[in-house]
Every structure is written in C-alpha cells, then in structure tokens.
Amino acid sequence: MWTWFHKLSSPPHFYRLSGTMIPWFGWLAAALIIPSLYAGLALAPADYQQGDGFRIIYVHVPSAMLSLFVYMFMATAAAIGMIWRMKLAHAVAVACAPIGASFTFLALATGSIWGKPMWGTWWAWDARLTAELILLFLYLGYMGLRAAIDDTNRADRASAILALVGVVNVPIVHYSVTWWNSLHQASTLLKKGGPSIPPDMAIPLYGMILGFLCFFGAVSLTRVKREVLVREQNSKWVKDMVTSK
Amino acid sequence: MQTPGMLDAGWALLVRDIKLGYRRIGELANPLVFFLVVATLFPLATSPERELLMEIGPGIVWVAALLSSVLALDTLYRSDMDDGTMEQMALSPQPLAWLLLVKTVAHWLVSGLPLVILAPLVAQAFFLPAEAGPTMVASLALGTPTLSLIGSIGAALTAGLRRGGALVAMLVLPLSMPILIFGARATDLAMDGLDVTGPLNLLAAIMFLALSLGPIAAAAAIRVSLD
C-alpha cells in the first residue's frame, strides 16, 4: 500500500507525473471557471438588495475559501515533511505559501471593493476581515522566515514548525476576533438546513469554487515542479533530462 | 557519574538564568524603559485629554507590553547560542523542551514580572479608575507568560540567524493577537464595572495551552537552529 507513497516521493517520478497532471488541472479549471463566470455575471438574477453588486461574490468567496484551504494544505504538507522527512512534501509547502498569500490578498481586495458600496467603507475592523488580515501576516511571516535562512534543509524544517504553530493558533485567532467584533455576514453556503441562496445563484458559485481548486492544483503543481528542479539541480536525472534534449 | 534529576537540573538552570539576568541589569532594564517610553508617546501623539486617555489606556498598556516583550526576546536564547551552552543543553540527558521551558520562565521572571508590577503606574498615568487596576494586573500576569512562551518559539526559530530582530516581530505578533484582544477587553470590562471572569479564563486557558505545547515547538526549532 505504501509503494505509491514512496514512488510519489521520488523527485523524478513526481516531476513526470506533475508534468502530465498540470494540463488536466489547467483545462478543468478553465472549463469550470469560464462557464461559471458567465453564468454568475450574466445569467444569475440580480440580488434584490444589492443589485448587480453582489456578483463580486463569485471571486470573493472562492478566494477566501482557498486562502484557508491552502494554509491547511501547506501545514499538512509541512507536517508530512517533518514526520516522514519527505523532501518533496517540504517542496509542496514552499510552493503553496505565495499562492495562499495571493488568494488571501485577493479575498481582502475584493471584499474591500464590495464593502465600499454595500457597507459604505473600504475597511472595517470586523472579525472576519481582521482574521483574514492576520492570515496574510502569517503567510508573510512564513515566507520571511524562509527567505532569512540560506540553507534549504534548515529553512524547510524551521518554516514547517512555524506553519504547524500557526495551525494551532488559527482557530484561537478566529474565535478571539469573532467574540471581539462582528459585522460580516455569516456563511450562507455552509450552514444547518442547506444553503440560503437560490440555486441559480449558488450553482455558478460552486462551479467557481471547484474551478479555483483546480486552478490552485495547476499553479501549485507548476511551482512544485520548478522547486523540485531547483532542489535537484545537481542530481543525475536532471542532468540527463537537460542534456538529452 | 550520576545525572541530576529533571527538577534539580531545572532549578539549577533557573537560578543561573536569573543570576545572569541581574548581572546584565542594563540589558534587563531596556525593555522596561521601552515599555514606559512607548506608553508616554501616545498622549503626545494623540492628546492629553483625560477622557480620551481613559478610553485608550488599556489598549496602550497592552500594546506597549506586547512590543516590549518582543524586544526582550532577543536576549532569550542568543547568548547561549553564541557560546555553545545551547548545544550542551541539547546533548544533556534532560529533555530539551523542559530546559527551554525553565529558561522561558526565568526570562519571564526578569522581564515580564517587572512589567506586571510597573503596569499600575502607567494605568495611573492614563487615569484608569482604581477598580480596574487589579483586573489589569491579573490580565497582564496571565497574558505576559503566554507572550513569553509564544515568543520563545519565535526566538528559537531565529536563534541561528545573524539578524533576527524584525523577523521575530513578524512571526510572533500575529500569533499574539488573541492575548492582546482578551487582555485589553478584560480591563475594558472592569472599567465599566462588568464581570471579567470570561476573558480572564480564556487568557488562563491560552496560557496553559502555550505552556504545554510551546516548549515542544521551541525545542524542535532549537534543534533545527543548531544544525
């Protein structure tokens, strides 16, 4: 059962596998995002309160979800790298951080653009906004720590510890700011008794979320592939691959 | 040769670190002076009005405490890293996490505790009502150990780096925000004469969580830094 796991952790095998998987993820992302975006921006009815302004939800919600998902993904990869000393897992964690930070930034930026007409302000010291901002700081701290350590192996393990400490802390941060202050609406998709959003608005949203996931898959695999190449630059298989072309 | 037990080793290390702390009294006083200076800056930057200062007082005391605890982190592991003591500790039969916990406790006793004692003075300068004083001291007494414990992870991660100062702040400050929120809220509630057990219990809970998991993470980080 563990053979596939060991096989996956071998850099040349992963390099080839990711090479075949990236187009799949990429085309799937395009096939999901383009129709969903059309459905969301053109076909879905306007909101009775917010008019067409609500349509930014189709970028805002997927990026906010991905910002948290990528952090958990990154921390899981870091934990696997720490526990099984798997170098590939560290490469995955490294590759994820800037993507996660970008999603976090996108969620904050779209939220801010949405907030200006609806709440009348670009920014509010609200629980969810603040928690998202702190998440951005965590990503930046992670990348800052990596950048400060020259040795790759040490940087891997140090940043993995930081990512794991962050995981313990994220729920605490989340609840502390929730109890502190709240203006942002509660979740409409994930709640008891089904989503409180009509299907013709919701289906494009689900499509966008899945599309963003596939996009993350394609981008992260591309970055991991590059990271593997940089790390394995002195190995035989990379030399063979480069010289054979 | 018989190795000392965990408690003996811990006690010896605690006494050593406190002695070392008091022999470098200047280094020790810096974060405290910094705490007072930061607190002084706020009335100058905003306005010396009594109502405004009363309102922002608890927050300022907490922000100043947080910043001075980050400033004090630099002295936590650096000298032991530089002279090789830390390697001996990592090689010793005692668990490294336990030794680091003792070091962090000693660090709090010489840098955090004086801050807790000094805080009522600053509270007075910000015209906080007398009945809020005990709550503020209690919240600082529960919160500053957590700041030291979280900070010890950050200090351990950056212990091997030549210039860790700004980086430590970037790693530690986002993780410290819950303590800031609950600590300042407890004082706020006390000023309004409301029940403060909620935030104080939460501060205590976070402190015990940091007490149990923090040293393990710090030990793992020190082992990475020693490589």
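In this predicted model, S63(A) touches F103(A), L106(A), A107(A), T110(A) and F212(A), not counting residues up to four places away in sequence; contact here means heavy atoms within 4.5 Å. S63(A) lies in helix α3 of chain A, where helices (H or I, at least four residues) and strands (E, at least two) are DSSP runs numbered from the N terminus. With a relative accessible area of 0%, S63(A) is buried; buried means under 20% relative accessible area, exposed over 50%, and partly exposed in between (1.4 Å probe, protein chains only).

Because the model is predicted, local features need pLDDT of at least 70 and side-chain atom pairs count only at pLDDT 80 or more, while totals for chains, interfaces and linings use all residues. Residues are numbered from 1 along each chain as its sequence is written, chains are lettered from A and ligands numbered from 1 in the order in which they are written, and side-chain values use heavy atoms, with hydrogens and water left out.

**Aromatic pairs and a charge over a ring**

- Over all chains, a search of the whole structure finds 6 aromatic pairs; rings of Phe, Tyr and Trp (its six-membered ring) pair if their centres lie within 6.5 Å, and planes under 30 degrees apart count as stacked, over 60 as edge-to-face and the rest as tilted.
- The pair of F69(A) and F216(A) is edge-to-face because the ring centres are 6.1 Å apart and the planes stand at 90 degrees.
- F69(A) belongs to helix α3 (residues 57-84) of chain A and F216(A) to helix α7 (residues 199-231) of chain A, so this pair ties together parts that are 147 residues apart in sequence.
- F69(A) counts as partly exposed at 37% relative accessibility, whereas F216(A) counts as buried at 4%.
- F73(A) and F216(A) also form an edge-to-face aromatic pair, with 5.5 Å centre to centre and 90 degrees between the planes.
- This second pair links distant parts of the chain, F73(A) in helix α3 of chain A and F216(A) in helix α7 of chain A, 143 residues apart.
- F73(A) is partly exposed, its relative accessible area being 35%.
- One aromatic cluster is formed by F69(A), F73(A) and F216(A).
- The charged end of K225(A) sits over the ring of Y15(A), 5.0 Å from its centre; this requires NZ of Lys or CZ of Arg within 6 Å of the ring centre and within 35 degrees of the ring normal.

**V224(A)**

- V224(A) is placed in helix α7 of chain A and is buried, with a relative accessible area of 2%.
- Not counting residues up to four places away in sequence, V224(A) touches F14(A), L88(A), A91(A), V92(A) and A95(A).
- V224(A) and R55(A) are 169 residues apart in sequence and 33 Å apart in space, C-alpha to C-alpha.

**Chain B**

- Chain B has 9 helices and 0 strands.
- The C-alpha trace of chain B spans about 65 × 35 × 30 Å along its principal axes.
- Of the 227 residues in chain B, 52% are buried.
- Among contacts in chain B with a separation of 6 or more, 81% are between residues 24 or more positions apart.
- Helix α7 (residues 133-157) of chain B has 25 residues and reaches 36 Å from its first C-alpha to its last, close to the 36 Å expected at 1.5 Å a residue; the expected span is 1.5 Å times one less than the number of residues.
- Since 19 of the 25 residues of α7(B) are buried, this helix is largely enclosed by the rest of the structure.
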